[in-house]
Amino acid sequence: MATSSPLALLSSFRGPELYRHRTSLVLSAPSNLSFGSLTFTTRLNTTPQVVCSVSVSYPEVKTGRPDDLVASILSKVAGTDGGVSLSKEQHQEVADVAQELQKYCVPEPVKCPLIFGEWDVAYCSRPTSPGGGYRSALGRLFFRTKEMIQVVEAPDTVRNKVAFSAMGFLDGEVSLKGKLKALDDSWIQVIFEAPQLKVGALEFQYGGDSEVKLQITYIDGKIRLGKGSRGSLFVFQRR
């Protein structure tokens, strides 16, 4: 969902205020944006020339950096069917932005209350990770994904849902309900019950329990990034 903090530095200098004096101010252009130099030359009628030089260093400030990265990653995954239509190079671009966002992740993200809420699964680096066979190359020929949603409810409930259109005319969905457990400051484990399949008026449960582990690498009010135990990258966008 990081969240998801500009600073400004101002410096001012005032020349010596002396009675009956003449002051010349010479500005020397900085060689780069990190340094500035001001030279004051003060001459009095009865005193020798006094020269003082002041050099100021301005540290780099990454103004609005997390917001820029969030906007960038969302633009890269929008309209890609959860990442299905991206090329290998485009997947790498998403991964690069996610890597940068990790630097701004809050400490102990598993304890952050922002994890709760409704999330769209906007992207996954492996299309079959959310939705299983329904999202495989063969499955997508018969099932068109309409939406992928994850709901995290306090204190420890996770609900996943993939809604689809079968053969272009029959609506359905597969859903999972699981129990969330924190493994450390950033890793969570979710044990899901057997999936529930609903197609038209038909509804039944199949298969068995399953387990996933996910590391929360960034979260804010808009997005949440996760990395699966097998290396899959997820981008969740708050609904």
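1. Helices and strands here are DSSP runs: helices are H or I with at least four residues, strands are E with at least two, and both are numbered from the N terminus. Ser186 sits in the loop between strand S7 (170-182) and strand S8 (187-192). The chain as a whole has 3 helices and 13 strands.

2. A word on the source. This is a predicted model, in which local features need pLDDT of at least 70 and side-chain atom pairs count only at pLDDT 80 or more, while totals for chains, interfaces and linings use all residues. Residues are numbered from 1 along each chain as its sequence is written, and side-chain values use heavy atoms, with hydrogens and water left out.

3. Back to Ser186. Is Ser186 buried or exposed? Ser186 counts as buried because its relative accessibility is 15% (buried is under 20% relative accessible area, exposed over 50%, partly exposed in between, with a 1.4 Å probe and protein chains only). Buried residues make up 33% of the 239 residues in the chain.

4. Which residues does Ser186 touch? Apart from neighbours within four places in sequence, Ser186 is in contact (heavy atoms within 4.5 Å) with Pro109, Val110, Leu214, Gln215 and Ile216.

5. Now Cys112. Cys112 is placed in the loop between helix H2 (88-101) and strand S4 (117-124). Cys112 is buried, because its relative accessible area is 13%. Beyond neighbours within four places in sequence, Cys112 is in contact with Val106 and Ile219. Cys112 and Ile219 are 107 residues apart along the chain, yet their C-alpha atoms are separated by 8.4 Å.

6. A cis peptide bond, with omega about 5°, joins Ala154 and Pro155. Pro155 lies in the loop between strand S5 (143-153) and strand S6 (157-166). Glu108, in the loop between H2 and S4, has phi near 50°, a positive value in a residue other than glycine. Met167, in the loop between S6 and S7, has phi near 60°, also positive in a residue other than glycine.

7. How exposed are Glu108 and Met167? Glu108 counts as partly exposed because its relative accessibility is 34%. Met167 counts as exposed because its value is 56%.

8. Next, the largest pocket. About 960 Å³ of space lies in it. Its lining has 42 residues, and Ser129, Pro130, Asn160, Phe192 and Val212 lie nearest its centre. S11 gives the most to this lining, with 6 residues. The lining residues divide into 22 nonpolar, 13 polar and 7 charged. Here Ala, Val, Leu, Ile, Met, Phe, Trp, Tyr, Cys and Pro count as nonpolar, Asp, Glu, Lys and Arg as charged, and the others, Gly among them, as polar.

9. How is a pocket found? On a 1 Å grid over the protein atoms alone, a pocket is an open set of points with protein on both sides within 12 Å along at least five of seven lines, and lining residues have an atom within 4 Å of a point. Points are joined across faces, edges and corners, and a volume is the space filled by probe spheres set on the points.

Note on methods:
1 Å grid on protein atoms, 1.4 Å probe; cavity = no way out; pocket = protein on both sides within 12 Å on 5 of 7 lines; lining within 4 Å.
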